[in-house]
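Student: I have a model open and want to learn how to read it. Can we go through it feature by feature?

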Amino acid sequence: MAYDSNNIFAKILRGEIPCDKVYESDHSLAFKDINPQAPVHTLVIPKGAYVSFDDFSEKASDAEVLDYIRTIGVVAREAGVAEDGYRILANIGQNGFQEVPHLHVHIFGGQHLGRMIKPFDKS
Ligand code: AMP
């Protein structure tokens, strides 16, 4: 999928719309999800134009990949969820129900999160 530079996270990165920023590094930005699904619900995005995790892992520089992985950990620790546990989740593409076509990892925490996903129908 080609990158659409009009997606909402690209607009946040360009400063065209605001976000509730919690952390910023050279190559990554973290901000609160506008529609939180848990007491802690933060999004971490790379600043580069990558649609998905596979796009990012294929095309991003080592510096960007390192920065992104480290940022996810920093944000989890600073949000205070590292000790009790949390969930990171990236929805990718149509089957993954990705709504915003700029790579983002959700960090959920602050409560027991239940099972990962609903069991699928094996029949
Ligand atoms: P996904 O389904 O993984 O693509 O999730 C997109 C997420 O982006 C959703 O959880 C939305 O609530 C969130 N979102 C959409 N617009 C904004 C925004 N302007 N600021 C913060 N979060 C947003």
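**Reading the model, feature by feature**

Tutor: Start with a charge and a ring. Lys122 sits over the face of Phe120, 5.9 Å from the ring centre. Keep in mind that this is a predicted model.

Student: How many aromatic pairs does the structure hold?

Tutor: It holds three aromatic pairs. Take Phe9 and Phe31. Their ring centres are 5.4 Å apart and the planes meet at 75°, so this pair is edge-to-face, the cut-off being over 60 degrees.

Student: Which parts of the chain does the pair of Phe9 and Phe31 tie together?

Tutor: Phe9 belongs to helix α1 (residues 8-13) and Phe31 to strand β2 (residues 28-32), so the pair ties together parts 22 residues apart in sequence.

Student: What is the geometry of Tyr50 and Phe56?

Tutor: Their ring centres lie 5.2 Å apart with planes at 75°, so Tyr50 and Phe56 are an edge-to-face pair. Tyr50 is buried at 9% relative accessible area, and Phe56 is buried at 2%. Tyr50, Phe56 and Tyr68 form one aromatic cluster.

Student: What does Phe56 touch, leaving out residues up to four places away in sequence?

Tutor: Phe56 touches Pro46, Tyr50, Glu64, Val65, Tyr68 and Leu103.

Student: Now the cores. What is the general idea?

Tutor: In soluble globular proteins, nonpolar side chains tend to be buried together. Here, the largest nonpolar core has 14 residues. Those with the most contacts inside it are Val44, Phe56, Tyr68, Ile72, Val75, Val81 and Ile107.

Student: Which elements give two or more residues to this core?

Tutor: They are β3 (40-46), α3 (62-79) and β5. Helix α3 gives the most, with four residues. Apart from this core lies another, of seven residues, among them Ile12, Leu29, Phe31 and Val100.

Student: Next, the ligand. Which residues come nearest?

Tutor: There are 15 residues around the ligand, and Asp33, Asn91, Glu99, His104 and His106 come nearest. Then check the polar atoms. A side-chain N or O atom of Asp33 is 2.5 Å from a ligand oxygen. A polar backbone atom of Glu99 is 2.7 Å from an oxygen atom of the ligand. For His104, a polar side-chain atom lies 2.7 Å from a ligand oxygen.

Student: Where is Gln98 placed?

Tutor: Gln98 is in the loop between β4 (86-89) and β5 (105-109). Gln98 has a relative accessible area of 16%, so Gln98 is buried. Its side chain reaches the backbone oxygen of Val51 at 3.0 Å. Setting aside neighbours within four places in sequence, Gln98 is in contact with Val51, Asn91, Ile92, Gly93 and His104.

Student: What about Phe97?

Tutor: Phe97 lies in the loop between β4 and β5. Phe97 is exposed, at 63% relative accessibility. Check its backbone as well: Phe97 has a positive phi of about 60°, although it is not a glycine.

Student: How far apart are Asn7 and Glu99, in sequence and in space?

Tutor: They are 92 residues apart in sequence and 9.7 Å apart in space, C-alpha to C-alpha. Asn7 lies in the segment before α1. Asn7 is buried, with a relative accessible area of 4%. A polar contact of 3.1 Å joins the side chains of Asn7 and Tyr3. Leaving out neighbours within four places in sequence, Asn7 is in contact with Val100, Pro101 and His102.

Definitions and conventions
Residues numbered from 1 in each chain as written. Predicted model: local features only at pLDDT ≥ 70, side-chain atom pairs only at ≥ 80, totals over all residues. Heavy atoms only, no water. Buried < 20%, exposed > 50% of the residue type's maximum accessible area, 1.4 Å probe, protein only. Polar contact = N/O pair within 3.5 Å; in protein donor to acceptor, adjacent residues only side chain to side chain. Contact = heavy atoms within 4.5 Å. Phe/Tyr/Trp six-rings, centres within 6.5 Å; stacked < 30°, edge-to-face > 60°. Lys NZ or Arg CZ within 6 Å of the ring centre and 35° of its normal. Core = buried A, V, L, I, M, F, W, Y, C linked by side-chain atoms within 4.5 Å. Near = heavy atom within 4 Å.
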